[in-house]
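User: Please show me the structure first. Then I want to ask what stands behind the terms used for it.

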Amino acid sequence: MTTSINYDDKIPNNVDLSSDRRLQRALEGWQPKFLNWWGEMGPTLETHGVYLRTAVAVGRDGWAHFGHVNVPDYRWGIFLAEPKPDRRIAFGQHKGEPVWQQVPGELRADLQRLIVVQGDTEPASVEQQRLLGLTAPSLYDLRNLFQVNVEEGRHLWAMVYLLHAYFGKEGRDEAEALLYRNSGSPDSPRILGAFNEKTADWLAFYMFTYFTDRDGKYQLGTLKESAFDPLSRTCEFMLKEEAHHMFVGTTGIDRVVTRSAQLIREHDTRDIASYGGIPLEIIQKYINFHYSVSLDLFGGETSTNAANYFTVGIKGRWQEERREDDHKLTNDSAFLDKPTPDGSWGREELSALLALNLDLRSEYTGDCLNGLKRWNKILADAEIDFTFSLPHVGFNREVGVYAGHHISPSGTILDATSWNGAQSGWLPTDEDLTFVRSLMHPVYERGKIASWIAPPVHGINSQPFDYEYVHLS
Ligand code: BYC
């Protein structure tokens, strides 16, 4: 039974935490450790109030309150979507049975692993973004960065709640470990590759929120289908918050492309670096990098883990209930394009169950293409003869069937020498990164914007662009 969110509690929640004193004490014990981590690894810029949204309800309408908040005092809480009466398992061998309110013993290890992997990404992204506050292109962008950061912190709370509430001592130990691993640490790195990369500039931040947060959307979408109902309800509410993070990415790249297009028109050259703009070729290289690193987050294209998660009911497919098949997939097959030993392309038929990561990855790619269409429309409207594209799925991969192969953005299989020779045209070079970083100067006057990006079309929550989104003194 859900209760409304009580902000008088030390930990705001809608899970009736006060009725379970042991759990409440355990989470209150974790809270100072979280705040300590936030102080050490969270945003570095000191502020005196940021215009943030805070969840106040989990229903369809009016779930968020907006107001200036002192960031360290943000009320991170535990919010699950409303339960669905008589919810049934939608897929796998238990299809049609009632969903579980407790963890079945035999699935404990797998579920815990999925929750830990999901939980690990949330603080990782805050760590990756911790320096960006020093160089935001406007107060509006600075506010969005903090919004994304506090909500990733809340998503960590969401996973820690599940670990504490359902996984006993092991769960509590894992919750501690989520604060000890750090992005990029040589000794205890974050679990998944993309979360150990640097997010060193704002173009990288927009790319991260476009491509990597979008992996989050798809992974959360599959966990929302889970037969373990508390996980499903947790992910459903996280998805609501996640939409804004991707909006920041989509519109952030829109604005960079818009500004680059303006400068190209104004100076009648694509060589806009000396005019303080980001050349389209560099934007394309960032797309290539962030998309390919995010594809690795889907795991291998053939995966017995994924088949097993589906069959037992803990991780479904994207929009499982809208699919028109038997939701068991035991007799279905899928096709995978992969390099053959002689260096050409071949096609393998495999069981649909083994290809579930490939299925999810394909849904993701289709969604990513929408951004490309937007950015290409901006260029077409400015009558600029340049088209952004997504690189081939095998490009720059370190996980799955393409790892160890050299595949060009257009899908040609290359030898190591050709790859090494061509790579600097496809991925950001040190020179490109240094150039982009050279543009990153903070612009913290109300209504002002940096040279390399256009202002947003709309402000936040109907406020104008020149609103004081962040109080700096
Ligand atoms: N890096 O069977 P395989 C987000 C491991 S983002 C390192 O091919 P599986 C967010 C894998 O763990 C969403 N290791 O793949 C975004 C396995 O190890 P074990 C995060 C990797 O298991 C922005 C082995 O390789 N959530 O929310 O089906 C900001 C064989 O794996 C990688 C999730 O990912 C990698 N890239 O799929 C903030 C959901 N890929 O078990 C937040 C939970 C694979 O043999 N996680 N491995 O030791 C999962 O569903 C799955 O663990 C994965 C991997 C999709 C990650």
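**Terms and the values behind them**

User: Why is V116 called buried?

Analyst: V116 has a relative accessible area of 4%. Buried means under 20%, exposed over 50%, partly exposed in between (1.4 Å probe, protein chains only). So V116 counts as buried. One caution on the source: this is a predicted model, where local features need pLDDT of at least 70, side-chain atom pairs count only at pLDDT 80 or more, and totals for chains, interfaces and linings use all residues. Residues are numbered from 1 along each chain as its sequence is written, and side-chain values use heavy atoms, leaving out hydrogens and water.

User: Where is V116, and what does V116 touch?

Analyst: V116 is part of helix α2. Helices (H or I, at least four residues) and strands (E, at least two) are DSSP runs, numbered from the N terminus. Leaving out residues up to four places away in sequence, V116 touches L163, E174, L178, R181 and I191. Contact here means heavy atoms within 4.5 Å. I191 is 75 residues from V116 in sequence, yet their C-alpha atoms are 9.1 Å apart.

User: What makes α2 and α3 roughly antiparallel?

Analyst: Two packed helices are described by the angle between their axes and the distance between the axes. For α2 (residues 108-128) and α3, the angle is about 155 degrees and the axes lie 8 Å apart. Axes are lines fitted to C-alpha atoms, for helices over the stretch in contact, and angles run from 0 to 180 degrees between N-to-C directions. Angles under 35 degrees count as roughly parallel, over 145 as roughly antiparallel, 65 to 115 as roughly perpendicular and the rest as oblique. α2 and α3 are therefore roughly antiparallel.

User: Which hand does the crossing of α2 and α3 have, and which residues make the contact?

Analyst: The crossing is left-handed. That label applies if the near helix is turned anticlockwise from the far one by less than a right angle; clockwise is right-handed. α2 contributes residues including R108, Q112, V116, G119 and E122. α3 contributes, among them, N149, G153, L156, L163 and Y166.

User: How do you know that α3 and α6 are roughly antiparallel?

Analyst: Their axes cross at roughly 160 degrees and come within 11 Å. Helix α6 covers residues 229-267. The angle is over the antiparallel limit, so α3 and α6 are roughly antiparallel. Their crossing is left-handed.

User: What makes F34 and W157 an aromatic pair, and which kind?

Analyst: The search of the whole structure finds 35 aromatic pairs. In this one, the centres are 5.7 Å apart and the planes stand at 65 degrees. Rings of Phe, Tyr and Trp (its six-membered ring) pair if their centres lie within 6.5 Å; planes under 30 degrees apart count as stacked, over 60 as edge-to-face and the rest as tilted. F34 and W157 therefore pair edge-to-face. F34 lies in α1 (residues 21-41) and W157 in α3 (residues 139-166), 123 residues apart, and the pair links distant parts of the chain. Both residues are buried.

User: Why is the pair of Y161 and Y166 called edge-to-face?

Analyst: The planes of Y161 and Y166 meet at 85 degrees and the ring centres are 6.4 Å apart, so the pair is edge-to-face. Y161 and Y166 are buried.

User: What places the charged end of R214 over the ring of Y210?

Analyst: It sits 4.1 Å from the ring centre. The term needs NZ of Lys or CZ of Arg within 6 Å of the ring centre and within 35 degrees of the ring normal. Y210 also belongs to a cluster linked by ring pairs, which includes F211, Y218, Y291 and W375.

User: Is N396 buried or exposed?

Analyst: Buried: its relative accessibility is 19%, and this falls under the cut-off. N396 lies in the loop between α9 (356-381) and β5 (406-407). Its phi is near 55 degrees, a positive value in a residue other than glycine.

User: What makes L329 buried, and what is its phi?

Analyst: L329 has a relative accessible area of 3%, so it counts as buried. Phi is near 65 degrees, again positive in a residue other than glycine. L329 sits in the loop between α8 (304-312) and β3 (333-339).

User: How do you know that Q129 is buried?

Analyst: Q129 has 1% relative accessibility, so it counts as buried. Q129 lies in the loop between α2 and α3. Beyond four places in sequence, its contacts include L145, V148, T199 and F208.
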